[in-house]
Amino acid sequence: MITFLTSPKPFTGIASIQQTKAIRNWQGLGDNVEVILYGDSPRTAAACRELGIRHVPDIKATEQGIPYFEAIAAHAAEHASYDIQVYLNCDILLTSHILKAIKRIPFADFLMIGQRIDLKEGVEVDAAGIGNPEQLMMLADAGLISLHTPGGSDYFAFRRGMWTDLPPVVIGRGGYDNALIAYCLQRHIPVIDSTLTVPALHQFHDYGHAAGGADEVFKGDDAKRNLAFVPLDAIPVLEDSCYLLRGNELSQIRCRGDLLRFLFMKYRYRNVPLLPGILRNLWRLQTKIGLRHWWDPTLQEVLASYQELPQEKLS
């Protein structure tokens with residue numbers, strides 16, 4: 001039982017095709033799946049009627065009509081059908097492994113995130129191929145997919161009502177994922193990396209939906225405001241997760257194995273004086289001389305981990 005939350009681009013052109021495909025994909029993950037779309041992007045209401053899903057057009061947003069995450073989370077906390085909720089970008093394709101992964105998390109509050117796999121321009125994957133490791137391996141060998149960097153996250157799984165006193169983070173703009181991770185680190189909420197357990201495919205798109213294109217999305221005023229909610233000397237990314245989920249095993253990972261980075265982030269977010277600065281300088285020195293200890297899985301390692309998962313049969 002899960003509620004998917006998203007704020008789509010206008011349902012026009014290729015975006016309409018991709019977003020409709022993504023929503024139908026989510027609807028097919030199980031019997032008890034709810035999808036709620038937020039905002040009043042063009043043709044969203046008509047798409048919701050066609051897909052039989054809930055639409056919330058009136059939501060707190062920027063002057064450009066881009067919703068705030070805290071407004072979406074607050075609405076979902078009160079009105080969504082299910083306690084387990086996932087906010088995600090409206091072009092992400094999933095398998096039901098995300099449902100199984102969440103069931104393995106023992107914490108009352110948590111944030112589960114993971115790296116996505118990017119489809120190259122013009123590449124499409126049918127429903128049966130989303131969770132097929134062999135097909136993904138073939139696409140990888142042909143150079144048609146790539147593993148997105150840990151610097152950006154596209155899905156956020158959590159429990160209803162977790163986001164209290166959240167600042168006005170603008171969704172879909174640079175820094176919003178960092179701000180959400182920072183919120184959890186500040187409150188000692190477990191952050192779980194599910195890259196090795198949750199296949200998440202990102203359909204290729206440009207940034208024509210945003211005035212100013214990619215620069216506006218990642219470097220514009222909204223992105224700058226998002227990053228203002230994060231200590232600029234300690235911008236957290238997926239690599240700063242506290243736990244790693246692989247199959248049925250949930251283990252502590254400590255910033256993907258980098259002890260100095262782990263200690264720096266831990267004490268920086270607990271506002272311990274002096275010590276974080278010392279640890280930060282040691283970590284930067286370690287990185288500068290080539291002794292960086294973060295573990296970054298390759299695309300092949302991620303796909304190999306998917307081969308250990310039960311095969312998905314989607315239609």
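Predicted model: local features only at pLDDT ≥ 70, side-chain atom pairs only at ≥ 80, totals over all residues.
**Whole chain**

The secondary structure comprises 12 helices and 13 strands. For 315 residues, a compact globule would have a radius of gyration near 20 Å, and the chain, at 19 Å, agrees with that. The C-alpha trace spans about 55 × 45 × 40 Å along its principal axes. Of the contacts with a separation of 6 or more, 77% join residues 24 or more positions apart. Carbon and sulfur atoms contribute 52% of the accessible surface. Chain totals are listed below.

| Quantity | Value |
|---|---|
| Radius of gyration of the chain | 19 Å |
| Buried share of the 315 residues | 55% |
| Accessible surface of the chain | about 14,000 Å² |
| Carbon and sulfur share of the accessible surface | 52% |

**Helix α3**

Helix α3 covers residues 69-79, and its buried residues are Phe69, Glu70, Ala71, Ile72, Ala73, His75 and Ala76.

**Surface patch**

A nonpolar patch on the surface is formed by Val272, Leu275, Ile278 and Leu282, which together have about 300 Å² of accessible area. Leu282 belongs to helix α11, residues 275-288. The relative accessible area of Leu282 is 42%, so this residue is partly exposed, a class that lies between the buried limit of 20% and the exposed limit of 50%. An α-helix has 3.6 residues a turn, so residues three or four places apart point the same way.

Terms used:
Residues numbered from 1 in each chain as written. Heavy atoms only, no water. Patch = residues over 30% accessible without salt bridge, like charges linked within 9 Å, V, L, I, M, F, W, Y side chains within 5 Å. Areas by Shrake-Rupley, 256 points an atom, 1.4 Å probe, with all protein chains shown as cover. Salt bridge = Lys/Arg side-chain N within 4 Å of Asp/Glu carboxyl O. Helix = DSSP H or I, 4+ residues; strand = E, 2+ residues; numbered from the N terminus. Buried < 20%, exposed > 50% of the residue type's maximum accessible area, 1.4 Å probe, protein only. Rg over C-alpha atoms; globule rule 2.2 N^0.38 Å. Contact = heavy atoms within 4.5 Å.
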